[in-house]
Amino acid sequence: LLRVYLVADSGPTIGNPYALDISITTPAGCPSDSFEPNDSQATASALTAGSYGPLAACLADSDWFDISVLATETLEVTLDFVHTEGDVDLGLYDAGGTLLASSTSLTDDEFVSYTASSDMTVSIEVTLVTDPGSPGTSYLMDADLLSPLVCPVDSYEPNDSLASPTPITAGVYPGLSACESDEDWFAISLGAGDELDVALTFSHNEGNIDLALYDTGGNLLLDS
C-alpha cells in the first residue's frame, strides 16, 4: 500500500497538486530448459546416448535424467560449463537412489564413468551448488555408452579345454584368435614314428602366446 497525504496546506491554493511516477522492475529468474519439470529422480527425463544443451541448472532445482545401460556397458557423462557462473555437481544413481559415481570439482566441467554389471536404468543428477553470477548456469551434457572390447572368436570354437579339442590335420590354419582366459586346444593324430612340427606366427606386441603339446592323458610333452 502506498500512502500519500498532505501534512500542511500553507499555500494560497487549497490542496497541493502532485504527480506520481511508479515503475516496477522484476529481477531476472533462472531460465528453464525443455526437459523441465525433471526436478526429482521420480520425474527424471528419459535420455539416450548423445549430446544435449544448452541446458539450465538452477539453485534448489536439480535436473534428473534416466538412461538405460546394458550389462558390461560403460556410461560416461560429461558436463561442460563455466565454473565462475556457478558450481555444478554431477552424480549417477541406481533405481533405488544409491550413489554409483559422482564428480564435485571446483573447476570448469564435471565427468563421471560407471560400468554396469547388469541391465539397469541409471539416473543422472545435475545440481547447481552455488550461483555467483547471473541466475542459473548454462551447461552442455554428453552421455556416451561404450561397449566392452570383445575378443574375436574363430571358427574352431568352442575348443577351450583338453576335453574338447578341435580335430585338425597337417596344414596351414590362418585367422585364428587367442583370447585371455580362453585357451585353444587342437587334436592331431600321429602314427608311430611320425614327427610333428608346429609353428605359431604372431606379433608379440599384440600379446604373448605360448604353445604346449600334451598326450591324451594330459601329460606335458613339450612346450615353447
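Colleague: Is Trp64 buried or exposed?

Modeller: In this predicted model, Trp64 is buried, with a relative accessible area of 9%. Buried means under 20%, so Trp64 at 9% falls in that class.

Colleague: How many aromatic pairs does a search of the whole structure find?

Modeller: The search finds six aromatic pairs. One of them joins Phe35 and Tyr52 in an edge-to-face arrangement, with 5.9 Å centre to centre and 75° between the planes.

Colleague: Which parts does that pair tie together?

Modeller: Phe35 lies in the segment before strand 1 (45-47), while Tyr52 belongs to strand 2 (residues 50-57), so the pair links parts that are 17 residues apart in sequence. Both Phe35 and Tyr52 are buried.

Colleague: And what form does the pair of Trp64 and Tyr93 take?

Modeller: The rings of Trp64 and Tyr93 are tilted, at 5.3 Å centre to centre and 45° between the planes. Trp64 sits in strand 3 (residues 63-69) and Tyr93 in strand 5 (residues 87-93), so this pair ties together parts 29 residues apart in sequence. Tyr93 also counts as buried, at 17% relative accessibility.

Colleague: Which residues do ring pairs link into a cluster?

Modeller: Phe35, Tyr52 and Phe65 are linked into a cluster by ring pairs. Phe65 also stands opposite Ile124 in strand 8.

Colleague: How do strand 3 and strand 8 pair?

Modeller: Strand 3 and strand 8 (residues 120-130) pair in the antiparallel sense, over seven bridges.

Colleague: In what order do the strands of the open sheet run?

Modeller: Five strands form the open sheet, in the order 1-3-8-5-6, and the pairing is mixed. Strand 1 and strand 6 (99-103) are the edge strands, each pairing on one side only. From one strand to the next, the twist averages 25°.

Colleague: Changing topic, where is Thr78 found?

Modeller: Thr78 is in strand 4 (residues 74-80). Thr78 is partly exposed, with a relative accessible area of 30%.

Colleague: What does Thr78 touch, leaving out residues up to four places away in sequence?

Modeller: With those left out, Thr78 touches Glu110, Phe111, Leu140, Met141 and Asp142.

Colleague: How far apart are Thr78 and Asp63?

Modeller: Thr78 and Asp63 are 15 residues apart in sequence and 14 Å apart in space, taken from C-alpha to C-alpha.

Colleague: One last point: what lies over the face of Tyr5?

Modeller: Arg3 lies over the face of Tyr5, at 3.6 Å from the ring centre.

Key:
Residues are numbered from 1 along each chain as its sequence is written. This is a predicted model: local features need pLDDT of at least 70, side-chain atom pairs count only at pLDDT 80 or more; totals for chains, interfaces and linings use all residues. Side-chain values use heavy atoms; hydrogens and water are left out. Helices (H or I, at least four residues) and strands (E, at least two) are DSSP runs, numbered from the N terminus. Buried means under 20% relative accessible area, exposed over 50%, partly exposed in between (1.4 Å probe, protein chains only). Contact means heavy atoms within 4.5 Å. Rings of Phe, Tyr and Trp (its six-membered ring) pair if their centres lie within 6.5 Å; planes under 30 degrees apart count as stacked, over 60 as edge-to-face and the rest as tilted. A charge sits over a ring if NZ of Lys or CZ of Arg is within 6 Å of the ring centre and within 35 degrees of the ring normal. Two strands pair if DSSP finds at least two bridges between them. Axes are lines fitted to C-alpha atoms, for helices over the stretch in contact, and angles run from 0 to 180 degrees between N-to-C directions.
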